[in-house]
Amino acid sequence: MFKRVLVANRGEIAVRIIYALKELGIESVAIYSEADRDSLHVALADYAVCVGPADARRSYLNIPQILSAAQVTGVDAIHPGYGFLAENPDFARIVEEHGFVFIGPNPETMELAGDKLMAKRVMKEVGVPVVPGTEEATESPEQALRWIESVGGFPVILKARMGGGGRGMRILRDPEELAPAMSIARMEAQSAFGDPGLYMEKYLERPRHVEIQVAADRHGHVVALGERECSVQRRYQKLLEESPAVDPDLRERMQEAAVRGARALKYTSVGTFEFLVTPEGDFYFIELNTRLQVEHPVTEFVTGIDLVRTQILAAAGEPLPFRQEDISLKGHAIEVRVNAEDPENRFAPTPGRIEKLHLPGGPGVRVDSHIYQGYIVPPFYDSLLAKVIVHDEGRPQAIRRMIRALEEFYIEGVKTTIPFHLKLLQHPAFQEGRVDVGFVERELL
Ligand code: ADP
């Protein structure tokens, strides 16, 4: 078992991981940028090392500095959290070359999953349905047009091969748009992901985004832990997630597909297989996230399994402590992401000092957060302030519990997305479960 682990992240997820480490009796090492000196993860960790200035490229993405911090503090393993270096196979490889355990899957699996075209190819090979798309990278508008004609025409969606975070996708409805969109997308992909590669998919109208959580160990066990509904999105960014979300028959088929994919990829950690589900109930794989997801707590509530603990123990070589037949989903869980953004002003970021704060509590309410009264939300990183997660007997009860919790959430000093969430939770279509990935932009903005 590990004695000491470095957490290569910040914000709520660094706090979440430190909690898991403490509960396992493992010492924690935080890293932080100069802008995060007063952060909660720094205060909670057993040791903390400053790795550079506010600019993430020089701190949270600074691999040499992070490795020095790991060496100086003598850790056994590094947990990357999500974002930053979490899905960077080169980082995972360098970490292992320096004699530390990377808490995640092996670098080869990460490399394959990071290339979305390759990931789709592998899934297709093992019989998992994938969104109809180009099998090779899309190089020229002429080639693109030939493919579009072969699948019955527009609309299509143009994506970056190495993309992520909802960035750089373009819906195309007309041949005129093709050439300019491709040249801009190529430049954007190069600067955001270090690779200009593009591919295309048939654009599905009104699908739902449903993902399957899996857990795997280094002994060949793979277990699926149910699904999460993540269709409530704005600009391809998830705002609210819930579980369960599909009927038992569809769950079984989707879980089976995810487990088959995980086995094909020799998966050894927690991971998420993302699918689009059509109104007819067909599902198609879109991508695999080889890390802990922001929305992992909803799965923790309905399964009763601590995913971060599971992930750390799997990385330490322990076999999974549960089997597929042990898993059942109990009740209903919902998570909302409370961001420092102004929903009245096109969700512009609202960094600043939190003057007053009261977080909600009571039965079935969990708040994952790094904020406190007096904390200054820095302008340099993502805007997630807190995740409020509720669990109750069923979906209507969970919705009421979430409304109750968000009404209790009191924060002064920075504007947040709470008013948006209250509107969403009270929307009849949401309450009836009639939600697809276009719902927010169609009906709430
Ligand atoms: P990223 O890795 O950048 O998050 P994804 O491939 O996971 O990109 O897609 C993010 C979101 O984009 C999906 O949840 C969905 O809303 C939308 N999307 C992606 N592919 C399609 C598609 N083929 N048709 C319709 N919507 C799509």
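Phe84 sits in the loop between β4 (77–79) and α4 (89–97). In this predicted model, Phe84 has a positive phi of about 40°, although it is not a glycine.

**Backbone geometry**
- Most residues other than glycine have a negative phi, and most peptide bonds are trans.
- Phe154 and Pro155 are joined by a cis peptide bond, with omega at about 0°.
- Pro155 belongs to the loop between α7 (141–150) and β6.
- A cis bond also runs from Ser243 to Pro244, where omega is near -5°.
- Pro244 is placed in the loop between β11 (237–243) and α9.

**Ligand: polar contacts and cover**
- Gly166 brings a polar backbone atom to 2.6 Å from an oxygen atom of the ligand.
- Glu201 has a polar side-chain atom 3.0 Å from a nitrogen atom of the ligand.
- Leu204 places a backbone N or O atom 3.0 Å from a nitrogen atom of the ligand.
- On its own, the ligand has 550 Å² of accessible area, and the protein covers 96% of that.

**Ligand: the surrounding shell**
- The ligand is surrounded by 21 residues.
- The closest are Lys159, Gly166, His209, Gln233 and Glu287.
- By class, the shell holds nine nonpolar, seven charged and five polar residues.
- Four strands each supply at least two shell residues: β6 (156–160), β8 (198–202), β12 (270–277) and β13 (283–289).
- Domain 2 (132–202) and domain 3 (208–443) each contribute at least three residues to the shell.

**Second largest pocket**
- The space in this pocket is about 190 Å³.
- α9 gives the largest share of the lining, with five residues.
- β10 (222–234) and α9 (248–264) each supply at least two lining residues.
- Ala224, Leu225 and Gly226 are among the lining residues.
- The lining also includes Pro248, Arg251, Glu252, Gln255 and Glu256.
- Gln324, Ile327, Ser328 and Leu329 line the pocket as well.
- Sorted by class, the lining has five nonpolar, four polar and three charged residues.

Conventions: Residues numbered from 1 in each chain as written. Predicted model: local features only at pLDDT ≥ 70, side-chain atom pairs only at ≥ 80, totals over all residues. Heavy atoms only, no water. Near = heavy atom within 4 Å. Polar contact = N/O pair within 3.5 Å; in protein donor to acceptor, adjacent residues only side chain to side chain. Areas by Shrake-Rupley, 256 points an atom, 1.4 Å probe, with all protein chains shown as cover. Nonpolar A, V, L, I, M, F, W, Y, C, P; charged D, E, K, R; others polar. Domains from an automatic or database assignment. 1 Å grid on protein atoms, 1.4 Å probe; cavity = no way out; pocket = protein on both sides within 12 Å on 5 of 7 lines; lining within 4 Å. Points joined across faces, edges and corners; volume = space filled by probe spheres on them.
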